[in-house]
Amino acid sequence: MGAEEQQPTAVRGLRILDDIVCGVDGSRHADEVVRQAASLAGADGMLTIVAVTAVHRAVEGTQRVAALAPARARRALDRAERIAAEAGVRAVSEIDERSPVGDVLLEHAGAHGLLAIGPPSMSRIAHILVGGAATTAAHALPASLLIARRAPAHDRFGEHIMVASDGLERSDDLVDFAAGFAQEHDSSLTLLHVIHGESSHHPTRIAAQVRRVTGALGERARVRIEPGRASGLIVKTAVAERCSLIIVSSRRVGGIRALGSVSERVVHEAPCSVLVVRPEDLHAKARPVSASSAPPNGVRESADPADA
């Protein structure tokens, strides 16, 4: 077996999941964000839970107002801490008064391995025009990104995942990341190859990816090779396979080119959670999480889950 066909082992990129920042706002989506982030982080990981109140003055000289009431933000953080503790995951929490919300979350994300937030609340075009948090994060990617949606009824988050590959050289690391994730989380994995343009000229790489995934996961691996438009096929396949998580990568396109971004379209249109992995994070080294390290100023640490 050639080196390019060896079974995926422990993938370094999985270590971005050790250090996750979650944006919460008191909504039902926020609770799901924390549940899924805790599932990804595991007992050795760490969650930083941030509620952005976006305090500002509507008119100069008037009383300051908050986009998210401080009392509601505190309740959201308390609930998020309980979710993390029940999952056995350490967490710290913080209220950030700055605005706008999207920019503040992206700033926090830059210091962590993964940003976890809820799904977009507006249409894709509206998000592009006004700079919604999910759309901005999908394009800028200061960290890898999880858009959390509830799993299909009776399915657990991550029970069945899908990775989309275009068969180009950069896709090898993403496919190995997904296979390593499936091994670690005891998931089944659908490998979707969308044949379009350049990808149709790389049958050898596609065949090698198929062999590595099936060799690593056996009967838990499924393969679909189909022609078509990437974002539409990814969404259609996720529905057909009852996926609870889609894993894609991003080229970080901006401006007018962002209208053609596959990962950003999937973030908006997917029926399930989406994990957008930065190419450089596929080789990330582990971030140390010290049980004895003190939280930064202004951050409250939840009780040790072992003591809950």
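1. R149 sits in the loop between β7 and β8. Strands here are DSSP runs (E, at least two residues), numbered from the N terminus. R149 is buried yet has no salt bridge. Buried means under 20% relative accessible area, exposed over 50%, and partly exposed in between (1.4 Å probe, protein chains only). A salt bridge needs a side-chain nitrogen of Lys or Arg within 4 Å of a carboxyl oxygen of Asp or Glu. The nearest side chain of opposite charge, E269, is 9.3 Å away. Lys and Arg count as positive, Asp and Glu as negative; His and the chain ends are not counted.

2. Which residues does R149 touch? Leaving aside neighbours within four places in sequence, its contacts include E32, Q36, P119, P120, V267, H268 and C272. Contact means heavy atoms within 4.5 Å.

3. A note on the source. This is a predicted model, in which local features need pLDDT of at least 70, side-chain atom pairs count only at pLDDT 80 or more, and totals for chains, interfaces and linings use all residues. Residues are numbered from 1 along each chain as its sequence is written, and side-chain values use heavy atoms, with hydrogens and water left out.

4. D155 lies in the loop between β7 (144–147) and β8 (160–165). D155 counts as partly exposed because its relative accessibility is 24%. Its side chain joins that of R242 through a polar contact of 3.1 Å. Such a contact is a pair of N or O atoms within 3.5 Å; within protein, one must be able to donate a hydrogen and the other to accept it, and residues adjacent in sequence count only if both atoms are side-chain atoms. D155 and R242 are 87 residues apart in sequence, with 8.5 Å from C-alpha to C-alpha.

5. T53 is in the loop between β2 (46–52) and β3 (55–57). T53 counts as buried because its relative accessibility is 1%. Beyond four places in sequence, T53 touches residues including A66, L68, P70, I95 and D96.

6. The largest nonpolar core has 51 residues. Such a core is a set of buried Ala, Val, Leu, Ile, Met, Phe, Trp, Tyr and Cys residues joined through side-chain atoms within 4.5 Å. I20, L47, L189 and I247 have the most contacts inside it. A second, separate core of 32 residues includes L105, A143, L145 and A238.

7. Confidence next. Mean pLDDT (the predictor's confidence in each residue, from 0 to 100) is 80 for the chain, and 74% of residues reach 70 or more. Residues 1–11 are below 50. Residues 285–308 stay under 50 too. Where pLDDT is low, the predicted coordinates should not be read in detail.

Key
Helix = DSSP H or I, 4+ residues; strand = E, 2+ residues; numbered from the N terminus.
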